[in-house]
Amino acid sequence: MKSLFPIVLVVLSLACGAFADDRPWPPLPAENGTAELPAQEWAFQEGPRTIRAYVYYPGMKQANINEKTGLFLTLHYWTGTHADGVPDPQTLADRYNVVAICVDYLQSGPYDGTTMPPYDYGYLQALDALRSLHWMYSGLERERIAFHTGRIYCTGYSGGGNVTQMANKLAPRTFAAIIDFCGMAVLSDDIAFNLEGGSPLNAGYSQDPESPAYLTADAQVLRDLGETTHLKQMKDYGQETQIFVVHGATDEVCPVEDKRVVVANMKAAGLPVVARYPEEKDLDGVIFTGTGHGMGDPTKMLEVVADPQLLPDSPDAAVRQGKTDFERKETICYTTPNGCWAFDYSAGYPVGRLVTK
């Protein structure tokens, strides 16, 4: 596909083409295990950065992968690590015949917006998740282990739901389906600057242009999942991911009103999205137990919401057609007030950069 933004092609080749990471990547584990992967640099940390990925195979062994086996990212909540608050990775691996991957993406673990660097809110975090996915994808190909490249999925709860949506945005031709449970919808001024009222979340950004924590307009718009220009660009790139949103009807932590706007804008852009907002009448005490930010058991909710799309032999199984962004090795661009955010896949995995006009 040709770039949607020819005016910046020369700049993109200079800004993105030379950022492949030459650090060694670890081999895939033969059984369930963990790995430390090289990550893109972060302005608030000197020196190299790594990502911890957790691997769950069907039946706990790589040898159980077959030509129907897919890949499934399952991403923890804000302040969590590993599998905190997500659909159980081993259950996903066994029920859906997938390799399930949990990721300790940037700023996993306890967070305090008053003392720590501002919360990434989905940008490098999504790139970390995509690098982990690419590591598994390319590793299986390199070892000539047959798997189903069209069955790639992602899910997450709260902060993990936000990272799920951002991963789909930054890799618009990679996932067959994603399931977002109560994820943040937009980096609003309320959350970014810890304003009174509204959400209790504090992402720790500053409105002072002289502060290292200053939130630029370009950074803020990238983190708006309902930004209409970006949704149109996702559609133009060929986005066909089946998007499932499950968000508590009274959620005030990740405000449900923000998510309703995102869903409406996605529908207007022609993206295939199905939304469910559990209310009191939906509570059964087992699967759905609340209408706020805590809705119930993520594993059981996933089965209720998306089983027909995730079960490998279902007639309604979600299967992506065509090549992934990993294979295309192109550059994805999203326009911003001062240029575009460019995601260069020339190395297979994405590298993100703001390219100014």
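**Notebook: helix packing, sheet, pockets and cavities**

I started with helix H3 against helix H4 (residues 159-170): they pack at an angle of about 75 degrees, with their axes 8 Å apart. That makes H3 roughly perpendicular to H4. I use "roughly perpendicular" for 65 to 115 degrees, "roughly parallel" for under 35, "roughly antiparallel" for over 145, and oblique for the rest. Axes are lines fitted to C-alpha atoms, for helices over the stretch in contact, and angles run from 0 to 180 degrees between N-to-C directions. Helices (H or I, at least four residues) and strands (E, at least two) are DSSP runs, numbered from the N terminus.

This is a predicted model, where local features need pLDDT of at least 70, side-chain atom pairs count only at pLDDT 80 or more, and totals for chains, interfaces and linings use all residues. Residues are numbered from 1 along each chain as its sequence is written, and side-chain values use heavy atoms, with hydrogens and water left out.

Next I listed the contact (heavy atoms within 4.5 Å). From H3 come Tyr123, Gln125, Ala126, Leu127, Ala129 and Leu130; they meet Val163, Met166, Ala167 and Leu170 of H4. By class, this contact has nine nonpolar residues, one polar and no charged. Nonpolar here covers Ala, Val, Leu, Ile, Met, Phe, Trp, Tyr, Cys and Pro; charged covers Asp, Glu, Lys and Arg; the others, Gly among them, count as polar.

**Sheet**

I traced an open sheet of eight strands in the order E1-E2-E4-E3-E5-E6-E7-E8, with mixed pairing. Two strands pair if DSSP finds at least two bridges between them. Strand E1 (33-39) and strand E8 (273-276) stand at the edges with a single partner strand each, so one side of each has no neighbour in the sheet. Neighbouring strands are turned by 20 degrees against each other on average, direction ignored.

I then checked E8's pairing. Strand E7 (residues 242-246) runs parallel to E8, and four bridges join them. Phenylalanine 244 stands opposite valine 274 in E8.

H3 lies across E1, E2, E3, E4 and E5, at about 55 degrees to E2. H4 lies across E3, E5, E6 and E7, at about 150 degrees to E5.

**Pockets and cavities**

I worked on a 1 Å grid over the protein atoms alone: a cavity is a set of points where a 1.4 Å probe fits but cannot get out, a pocket is an open set with protein on both sides within 12 Å along at least five of seven lines, and lining residues have an atom within 4 Å of a point. Grid points are joined across faces, edges and corners, and a volume is the space filled by probe spheres set on the points.

The largest pocket holds about 480 Å³. It has 21 lining residues, and the closest to its centre are Ala43, Phe44, Tyr123, Arg223 and Trp341. I count 15 nonpolar, two polar and four charged in the lining.

The second largest pocket holds about 190 Å³. Of its 14 lining residues, Gly238, Glu240, Thr241, Arg320 and Gln321 are the closest to its centre.

Which cavities of 30 Å³ or more turn up in the whole structure? I found two.
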